[in-house]
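Colleague: Could you walk me through this structure, one feature at a time? I would like to learn how to read each of them.

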Amino acid sequence: MLDWSKVKKIDAHIHILPDCVHEMNPDSDPEESWTYAKIDDYIKNMDLFHIEKAIIMPLNDPYLLSTNFTISAVHKNLFDMKRRYPHRFYAFADIDPRNSSAISVESLCVAISEYGLDGIKIHPNNTGIPLDSEYNDVIFSFAQSQKIPVTLYSYPNTPNDPSAAWRIHHILEKYPDLILIIAHMGGFQWEDLVSLPVFVDMSAILPDYSRKFSIANTNTLLRQFGSDRLIFATDYPDNRVLSPSEIYDSYFHLLNRMDFTPEEVQKIAYDNIHKILENSKKQG
Ligand SMILES: [Zn+2]
């Protein structure tokens, strides 16, 4: 039987906080999931579970990724984490919603051209700026013209949630050539995304789906997107239903019970995201 724990993988969505942020919060609760977001600890998971590389996602909240709370410090910290373990990490660039969108694009330019960051993360529920709001127009326009992949948080709780699936339709009407990765597969609005030309990352949502729908039905749901668009990702160490130490075992337990062929697993676990990242580098 194919064992996902042994397959070579890229985890396309994880969180690590810089050491300086951990040092500033020495009294943080050891059980709290962010306490697990340490680069030296995470490397052990990578080696244990055959995770060759991982993408560090920012949170559109400079207070979590820097100690002086500026976008340039966040990007420098992401760059430093990539450099600390060469060839193990990618990192997506961040947005600070306190800045104008013009300044956000300038910061993204620096993050990508000078710090070699690999994509852009937009988290509408942390910023309070809906995905399809005017603020993001100049960012999408920049990403489309430079062929930079953009990961959009989408785990909506209400029909008009800032990360609602219909907003992603709006974005693609305006920017049809954007390379979009939808984090959390659009949550429970996933059905509205199936017809769109987007990739979906299964971070955080996979255990949620399997609890709600059963493993077999989750398998059918994933198959609607198909192995060319699915991306393995966990959101480690942040998960709504699992503690950090349960996340990888739970993902492998669920995926091992699905019917993906070895060729499909290779695409979902590694090739799809690898191609997106390498193509965008060639463009740059
Ligand atoms: Zn996340």
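Modeller: A residue is buried if 20 or more other C-beta atoms lie within 10 Å of its own, exposed if 12 or fewer, and partly exposed in between, with C-beta atoms placed from the backbone. Keep in mind that this is a predicted model, where local features need pLDDT of at least 70 and side-chain atom pairs count only at pLDDT 80 or more, while totals for chains, interfaces and linings use all residues. Residues are numbered from 1 along each chain as its sequence is written.

Colleague: Then is His 50 buried or exposed, or in between?

Modeller: His 50 is partly exposed, because 14 other C-beta atoms lie within 10 Å. It sits in the loop between helix H2 (39–48) and strand E2 (51–56); helices (H or I, at least four residues) and strands (E, at least two) are DSSP runs, numbered from the N terminus.

Colleague: What should I look for in the backbone there?

Modeller: Most residues other than glycine have a negative phi, and most peptide bonds are trans. His 50 has a positive phi, near 60 degrees. Ala 204, in the loop between E7 and H9, also has a positive phi, of about 65 degrees. Ala 204 counts as buried, because it has 24 C-beta neighbours inside 10 Å.

Colleague: Which residues does a cis peptide bond join?

Modeller: Tyr 236 and Pro 237, with omega about -5 degrees. Pro 237 lies in the loop between E8 and H11.

Colleague: How do I read a nonpolar core?

Modeller: In soluble globular proteins, nonpolar side chains tend to be buried together. A nonpolar core here is a set of buried Ala, Val, Leu, Ile, Met, Phe, Trp, Tyr and Cys residues joined through C-beta atoms within 7 Å. The largest one has 79 residues, and Ile 56, Ile 182, Val 200 and Ile 231 touch the most other members. Beyond four places in sequence, the contacts of Ile 56 (C-beta atoms, placed from the backbone, within 7 Å) are Ile 14, Ile 16, Leu 78, Met 81, Phe 89 and Ala 91.

Colleague: And which residues of H10 are buried?

Modeller: Thr 218, Leu 222 and Phe 225. Down the axis of H10 they fall within an arc of 40 degrees, so they line one face of the helix; the arc is that of the directions from the helix axis to the C-beta atoms. On the other side of H10, Ala 216, Asn 217 and Thr 220 are exposed. The cover over the buried residues of H10 includes strand E7 (199–201), H9 and strand E8 (230–231). Just after H10, Gly 226 has a positive phi of about 85 degrees.

Colleague: How is a helix pair described?

Modeller: Two packed helices are described by the angle between their axes and the distance between the axes. Axes are lines fitted to C-alpha atoms, for helices over the stretch in contact, and angles run from 0 to 180 degrees between N-to-C directions. Helices H4 (residues 71–84) and H5 (residues 101–113) pack at about 20 degrees, with axes 10 Å apart. H4 is therefore roughly parallel to H5, since angles under 35 degrees count as roughly parallel, over 145 as roughly antiparallel, 65 to 115 as roughly perpendicular and the rest as oblique. Ile 71, Ser 72 and His 75 of H4 make the contact with Ser 107, Val 110 and Ala 111 of H5.

Note on methods: Two residues are in contact if their C-beta atoms, placed from the backbone, lie within 7 Å.
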